[in-house]
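This report describes selected local features of one protein model.

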Amino acid sequence: MDLWPKGSAAVFFLLVLFKFSEAQNLCSLPNNVPLILIPENNNIGDIVTTLNAEDGVMAIITSQDPEGFFSISGYDIIAETVLDYETFDPNKPHEVNIECTKADSPPNTLNLKIALEDINDNPPVFEKSQYTLNVNELSKVDTSVGLITAMDPDKDDRLYYQLDSPEGEFNLEANFNPNILVKKHLDYDKVKEVTMILYVQDTLIGSEAEVSHTASTTIVVNIIDIDNRPPWFQPCTETEVGTSIICLMSGYNGKVNAKELVPGPLTLEPGPLMAIDGDKGRNDPIHYTFLGGNDGGIFQIDTDTGSITMREPVETGTIVLSVMAYQRENADQFATTTVILKVVDSSKFPPKFVKSSYEGFISEDAGVDSLVLESKTSNRALRVQATDDDFSNGYNPNLRFEIVDGTDFSITAEGFILMLKAVSPGTVNLEMRVVDTTNDESSTASLSVEVTPGVPTTTPATTITTSSIITTESTANTKLTEITSQPDITSTTHPSTGGQQVKMGEFSSGDMAAVGASLAVVIVLCLVCIGLMVHRIKGHNADWKKLSEASVFQSKLGGGSGGPKEGVQYSNEGFQLDDDSGSVNGKLAADLENKLESGLKPQQRQKMMTPSAVLLSPSSPQADSSSLAETIDSEKEVKPILTKERRSEEGYKAVWFKQDIDPNTKEEVVIIPNTGEADGDHEEEDDSEGENRPDVDSGDEEGVSSDL
């Protein structure tokens, strides 16, 4: 049976539904959104949200998860702590349960979910402050070395990277992918490690974002030495060839005494036989063996150390051993060298200096190659001396002097000290060494050279004749060496071998060349003057010779002392009027007349009346020359000419007449000769003009000739 009438039940249901709807609407969330999103890093007391409620409604927080994060004041939900996204689980937001009540109304509840919004408030972080990576040398470009990443608490941030490599040996695959790659040729011998800085940023590099955070870390990359080089004999000189490095070594040298067994390892130069791994970072063990030259097994080599020892003595000669060094774990890596052993005669004593120390003096302005002196007040050159007790007289001809260190001075083979370049005033301390070149035994002595200012130590040149070492007696039974030279004379000399004669002076080669050139000019001038004098003397001799011959010819024509024939005169006027420049003209005739008058006797001067060939009559000595010429022309026509024919004898000349002349007649003929100079200068002109003269008829050239 129904307790409620149907109509009453419907009214009651509607009443209950109204009350429920009223309770549901006592409070609500904004926009009825049950999830509230707030930014992290809020301030305490910030309002998270405000509820919508009717007047008279009371709201309280019944529960929250986690507790204590929020409170309610009126209808405001307030943050009671600073919220951090990095500590917040995005899959589980904060949950707050709120109950709203009102009198005569049933309460209603709200479930509020609060989520945090992540903001860029944290920098990225590397796990370590320094990372160490390894990579083999000679690795190919773009070989990966390692991947190093950073972490950002701001989970939504994207990170960007940048690598700072000093020489660009490495770089990143991309700015957002920090995979480190090889970018250059790596050589352990050049670079053993590379230190780099890796930077990270939570915004795009180069962007203008308001908030940006960075971090960095250090990366050390070790270059690993690989087994790519053979052993290197020591000492050696490293040389780069392309991208490879080789080590050059010329071999080892040593000496052994003939017919003696040397105990222990042999002493070698430039050092003991030793090889190291060319890959210094690996230093693999090295073994040694002979390849050749050890015929008969005279020598043996230690496999591990490379020391060479003797098994039996040797006689003489030079021994060449070939040695190979190889890696114990990899025999394909090997190298070879030679050991040259010189067999020498045994020596009990090395050469030694007479004194353990020497002192010398030289002026700073003495000049290059000047000798060091024994004292400031002496002009005697300092000479170092050495002896060898292996020789009975102390004289070893195979000694060599040298300066161990220093380039300012040098020692000659005779032991003199030379200054090689200008040295400032002061004291120069040197070490000298004397070496026996047959067995390389040596000893040393000290040398102190005081360079004084302003006082030259050189004197005019002198000659020193020395041998390498000249021995004299010593009170200590030691044979000393002395220099054979003039006392108190300093000689400037250049280094020379023993026993040589050295001449030096203060004159340079340029000075001597200038003197030689001047002397040559003087000699040439003297030769020219002598030539001119000889030429003049020769010309005068020719003139006198011609005068003598003319006198003889005159006596023959005149018939002795009878004198000239009466009434006859021959004048060679046609010859005077000849155009031949070489003929005797008026000026030359006057010169010759003076010579004849000065050189002939008084009776001969009376016969020389004219410069022409003349025939005079004794009865008419004062006859006029013109009237005499007319008389001669009327009686006998005479025209002398010069012939073209000449003999090779000096001073010869032929004269031809129109008609024959009897030499027995007492007619006098005087011949005036040409000078030798004029005769020689115009010889060719006389010949050529004689050919063209119209007065000469080949058919009329008859008569006698006279040789001058």
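A residue is called exposed when its relative accessible area is over 50%, buried when that area is under 20%, and partly exposed in between. The structure discussed here is a predicted model.

Most residues other than glycine have a negative phi.

Is D369 buried or exposed? Because its relative accessible area is 17%, D369 is classed as buried.

## Cis peptide bonds

Most peptide bonds are trans. The bond from D65 to P66, however, is cis, with omega near 0°. P66 belongs to the loop between β5 (58–65) and β6 (70–73).

A cis peptide bond also joins E269 and P270, where omega is about 5°. The loop that holds P270 runs between β23 (268–269) and β24 (275–277).

## An open sheet of four strands

Which strands make up the open sheet, and in what order? Four strands form it in the order β2-β9-β8-β5, and their pairing is mixed. At the edges are β2 (35–39) and β5, each of which pairs on one side only. From one strand to the next, the twist averages 30°.

Within this sheet, β8 (residues 94–102) and β9 (residues 105–117) pair in the antiparallel sense over eight bridges. I98 has L110, in β9, as its bridge partner.

## Aromatic pairs and a cluster

A pair of aromatic rings is described by the distance of the centres and the angle of the planes. How many aromatic pairs does a search of the whole structure find? The search finds four. One of them joins F353 and Y358: the ring centres are 6.3 Å apart and the planes lie at 70°, so this pair is edge-to-face. F353 and Y358 are both buried. F353 also forms an aromatic pair with F401, and this pair is tilted, with 5.9 Å centre to centre and 40° between the planes.

Together, F353, Y358 and F401 form one aromatic cluster.

## Charged groups over aromatic rings

Two further contacts involve a charged side chain and a ring. The charged end of R158 sits over the ring of F176, at 5.2 Å from the ring centre. In the other contact, the charged end of K192 lies over the ring of Y188, 4.8 Å from the centre of that ring.

Definitions and conventions:
Residues are numbered from 1 along each chain as its sequence is written. This is a predicted model: local features need pLDDT of at least 70, side-chain atom pairs count only at pLDDT 80 or more; totals for chains, interfaces and linings use all residues. Side-chain values use heavy atoms; hydrogens and water are left out. Helices (H or I, at least four residues) and strands (E, at least two) are DSSP runs, numbered from the N terminus. Buried means under 20% relative accessible area, exposed over 50%, partly exposed in between (1.4 Å probe, protein chains only). Two strands pair if DSSP finds at least two bridges between them. Axes are lines fitted to C-alpha atoms, for helices over the stretch in contact, and angles run from 0 to 180 degrees between N-to-C directions. Rings of Phe, Tyr and Trp (its six-membered ring) pair if their centres lie within 6.5 Å; planes under 30 degrees apart count as stacked, over 60 as edge-to-face and the rest as tilted. A charge sits over a ring if NZ of Lys or CZ of Arg is within 6 Å of the ring centre and within 35 degrees of the ring normal.
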